[in-house]
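Reader: Please take me through this structure, giving the rule behind each term as it comes up.

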Amino acid sequence: MQPVIFALLALITLGAAIMVVTTRNLLRAALWLILAFFGIAGIFILLNAEFLAVAQILIYVGAIATLIIFAIMLTHNVMDPTQPRFDEQWGVVGGFAALLFVALAAIVTRVAWPVAAGEVPADAIQRLGAHAPRTPEHKEWFH
Amino acid sequence: MVPLTWYLVLAAGLFCIGVFGALARKNAVGVLMGVELMLNAVNINLVAFWRHTAVSGMTGQLFAIFVITVAAAEAAVGLALFIAIYRQRRTVNVEEIDTMKG
Amino acid sequence: MHETSVAVPAIFNLVPILPFLPLAAFVLIVLWANRDKKLSAGLAIGGVGLSWVLGWAVAFTTFGIEGFGEPVRMFRDWLPTGRTWQAFGFAVDPLAAAMLIMVPFVCFLIFVYSVGYMGVGKPESDHDERGAPAEPGHVDRLASRFFAYIALFATGMIGLILADNLIMLLIFWEIMGLCSYLLIGFWFARKYDDPKQITPKEAGLKAFLTTRIGDTVMLAGIFLLYAQTQSLSFADIFKPETLERLATTTVNLPLIGATPWATLIGILIFCGAIGKSAQFPLHVWLPDAMEGPTPVSALIHAATMVSAGVYLAIRTFPLMQAVPHGPAMQFMAFIGAFTALFAATIAVAQNDIKRVLAYSTISQLGYMFAALGIGAYVAATFHLLTHAFFKALLFLGSGSVIHGMEHGHHAGMGQQVLGIRYSDTGDQYPIPNTHAFDPQDMRNMGGLFRRMPRTAWTFIIGGLALSGFPIVTAGFWSKDEILSDAFNGHTVVFITLALAALLTAFYTARQIVMTFFGAPRTAAAEHASEHDSIFAWMTVPLMALAVFAVAGGWVGIPREFPVLGALSTNPFHHYIEGLAEALEIHVEELPFNSVPLLTSLVVALGGLTLGWLVYRKFGVGAGLAPAHEGDREGSPLQIPDPLARPLGGLYTVLRNKYYFDEIYHAVFIRPVQRLATWLYRVDDLWVIDPLVDGVGKLWRGISEVGQWLDTHIVDGAVNGLAAVIGWCGGFVRVIQTGKAQNYLLVGLVTVSVLLGAFLLLPK
């Protein structure tokens with residue numbers, strides 16, 4: 001069952017991401033971006049990182065995407081729709097991005113990762129909090 | 001369980017799409033969206049490695065939280081910059097912002 | 001809380017805010033008050049005034065603590081560095097408290113003086129340039145900025161004296177370096193007719209770069225110290241066992257051989273003090289720093305910032321002394337004594353009223369280092385404090401003289417204007433002929449005593465204190481203490497310092513006589529006055545400082561001094577002793593000896609008398625020269641110096657400061673410029689640019705071929721190829737497009753190609 005869900009989520013995420021970088025209308029691109037974020041949140045759940053999934057939706061969808069939409073609206077009417085959406089180097093970028101993907105994919109599939117199966121500890125979130133960096137326990141400013 | 005490699009390939013794909021957006025988009029906000037995709041790809045990697053190699057320690061998730069924090073700050077600062085640039089130059093086309101030109 | 005043997009009064013809790021009061025003033029001025037010059041001045045004075053009151057409250061509290069010696073420390077862990085923490089903290093010990101008496105108070109007085117000097121409250125002149133001195137009777141256009149800078153400077157100095165570790169000290173040290181640069185170049189738009197005369201902008205750069213040399217070496221010392229002790233906190237470094245270890249473990253240096261760590265680190269850190277305190281051979285920046293406004297000269301280049309170098313040496317004295325009378329101390333004594341005499345000889349032949357004082361500052365700082373070098377810890381501290389008072393007084397007095405001369409020049413000038421200038425509103429302004437007249441040249445002065453009595457009296461008091469006029473002045477007591485310490489087994493240092501003291505008295509007398517006595521030599525001097533309202537702001541601080549220039553020495557009268565000693569308890573010595581004991585520095589009040597006392601009497605009075613005798617006839621009978629005459633016939637600048645003939649060529653050498661600027665220019669500056677030019681050629685003419693051009697041309701050639709192919713042979717099929725060639729040509733051309741995306745593309749291509757190579761190439 002999991003591979004199917006994964007494939008579905010990957011499809012959504014990658015498809016949305018491609019739409020993000022290709023859609024001419026920026027507002028629509030931002031909406032695609034939100035979909036991509038949801039897809040990634042789904043991936044996190046699949047990886048048993050529920051807390052991160054929630055954080056992902058809260059911060060990315062709730063804050064960053066909203067900010068982006070605001071910025072788009074505030075700079076409205078800047079881009080002439082008849083102008084190309086990409087800059088002059090887009091062809092080169094596309095080629096090399098594809099090359100990079102091929103290289104990365106080749107590497108990650110070849111390396112023997114030290115995979116260690118294990119169950120997510122029950123107190124994962126408490127541990128996360130305990131590991132979080134913080135200032136040492138000084139009660140007063142000067143002592 | 002889904003193998004680790006699948007996640008890594010997914011992240012690589014997402015990253016490359018993000019790279020394309022960051023380097024090929026004309027609109028600065030579009031560039032920023034590309035960067036956000038790249039950061040998310042990194043997050044997927046971090047969490048996938050955590051889940052598959054070191055599930056008892058929380059380092060992977062912790063770093064993902066760092067990345068999210070930095071991404072939020074970066075978006076806020078970046079967008080504020082765009083608005084400032086827009087107000088001064090009436091454009092957010094990154095090709096026209098070339099004061100670094102030698 | 002550090003364990004101290006005494007109960008700590010609550011007032012110490014206020015110590016950490018002391019440096020931040022002026023900082024608050026700085027922030028408020030910069031962000032909010034910069035349009036209102038009066039408000040800016042008020043904020044700066046208020047900030048440093050609060051620091052002064054609190055600082056004195058803290059200092060006087062410590063005087064009441066019997067046996068105060070161990071520092072009271074307030075700190076908080078701040079920067080994690082592996083296993084240890086760097087602390088953010090302040091500490092008060094007798095040395096810091098003694099400095100707290102001096103620093104905020106002198107800063108406060110100088111801030112008040114600056115109100116008058118910058119003409120705050122006067123109207124703004126429409127045709128003054130931003131970043132150039134204002135015309136007399138007008139406010140400086142950037143006065144708010146000035147007050148912001150000096151407030152930031154006060155932060156630096158107060159923070160430096162209270163710093164609890166070397167990192168904090170370094171931070172505040174650099175703040176002061178920055179302020180020094182900004183303030184020396186405050187009149188950045190000022191230009192001179194003579195291209196050889198250094199402009200404020202260049203002077204600021206020179207000061208910054210010269211001190212940077214010392215700072216870099218010092219930083220190396222601090223790194224080594226940290227590597228050896230794993231701490232930069234004074235409390236940790238100065239633990240007896242740490243010092244013992246530093247003194248006994250050695251490092252093998254090339255050419256020199258085994259050297260104790262303490263010696264090496266001590267000398268390296270002392271190099272920072274050499275730069276900051278303008279000691280030989282890094283002394284060249286201080287005289288040129290006189291291009292800054294006079295309050296800056298008083299504040300930074302006399303009373304406080306240059307003292308920071310001495311303060312650093314006093315602070316790190318336990319380290320220097322870890323090897324008793326070792327090379328570090330000998331080095332310090334040598335540099336100090338040499339500089340004291342060397343700068344004093346230059347001062348004799350200078351004619352700029354501020355430059356004389358600048359060289360005298362270098363000389364007096366040399367005195368302090370020499371004192372430290374021979375182990376006279378208390379005497380050096382004492383001289384540091386008394387010198388700050390009377391040198392600030394002298395500088396402020398000279399600023400008052402300069403303003404008086406400018407007013408006199410204005411008043412005496414009459415119709416001598418170069419032309420009429422029109423402002424934006426159509427008003428007419430005369431363009432004054434100020435180019436040919438130098439209000440700082442003492443040869444243009446004379447007879448100012450009757451015209452500017454308040455300035456003259458206070459200046460003379462300061463001058464007497466500087467030359468060590470016996471019994472009444474502060475300078476006598478501190479100098480005498482150094483001399484008697486030197487007499488006790490350091491004959492060479494003693495003789496050098498005595499000679500320097502003689503010269504000091506001589507050039508001080510020369511300065512006073514040339515400035516205030518005799519007949520006025522120019523119309524400007526004839527019409528000089530201190531009646532303008534700005535002088536009210538300027539003379540009150542002078543009087544306050546004059547009191548300290550006299551009375552400041554009474555706290556340090558040796559107990560065994562004839563007659564007066566019976567009345568004195570020598571509280572200063574007693575007070576600093578507490579710290580010395582805590583640091584296990586050996587200090588003692590030496591038995592009274594009449595030889596050094598007689599020496600200091602003879603050199604002070606003899607030098608003063610000699611100066612008076614030689615210069616009292618200076619310019620007499622030359623008559624009054626018109627102010628605009630400049631260097632022409634009949635100008636006072638043509639009057640030969642009485643020393644010029646007897647000293648002959650030596651006088652020229654002194655006049656030109658031993659040609660140090662010229663030597664440095666030839667040895668360091670010009671080769672660097674040549675190297676830069678050469679590298680520029682490599683880059684622009686010979687190698688890189690031709691290469692780029694060649695590649696460009698090559699691609700252009702290929703493109704042309706492609707175009708030819710395209711148009712002449714295969715039209716449709718070759719279009720793609722032509723496009724690729726076009727892109728490639730574009731690559732070479734767009735390297736410097738200024739577009740961030742192009743630059744990032746380079747990264748993408750690099751990573752992709754490297755990854756591809758990693759995958760495809762055989763292992």
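Author: Across the interface of chain A and chain B, nine residue pairs are in polar contact, both residues being at pLDDT 80 or more. This is a predicted model, in which local features need pLDDT of at least 70, side-chain atom pairs count only at pLDDT 80 or more, and totals for chains, interfaces and linings use all residues. Residues are numbered from 1 along each chain as its sequence is written, chains are lettered from A in the order in which they are written, and side-chain values use heavy atoms, with hydrogens and water left out.

Reader: What makes the side chains of C:R73 and C:D164 a polar contact?

Author: A polar contact is a pair of N or O atoms within 3.5 Å; within protein, one must be able to donate a hydrogen and the other to accept it, and residues adjacent in sequence count only if both atoms are side-chain atoms. The side chains of C:R73 and C:D164 are 2.9 Å apart in their contact, and the side chain of C:R73 also has a polar contact of 3.1 Å with that of C:S233, so both distances meet the cut-off of within 3.5 Å.

Reader: Why is C:R73 called buried?

Author: Buried means under 20% relative accessible area, with exposed over 50% and partly exposed in between (1.4 Å probe, protein chains only). C:R73 has 9% relative accessibility and therefore counts as buried.

Reader: How many residues of chain A are in contact with chain B?

Author: In chain A, 71 residues are in contact with 60 residues of chain B, where contact means heavy atoms within 4.5 Å.
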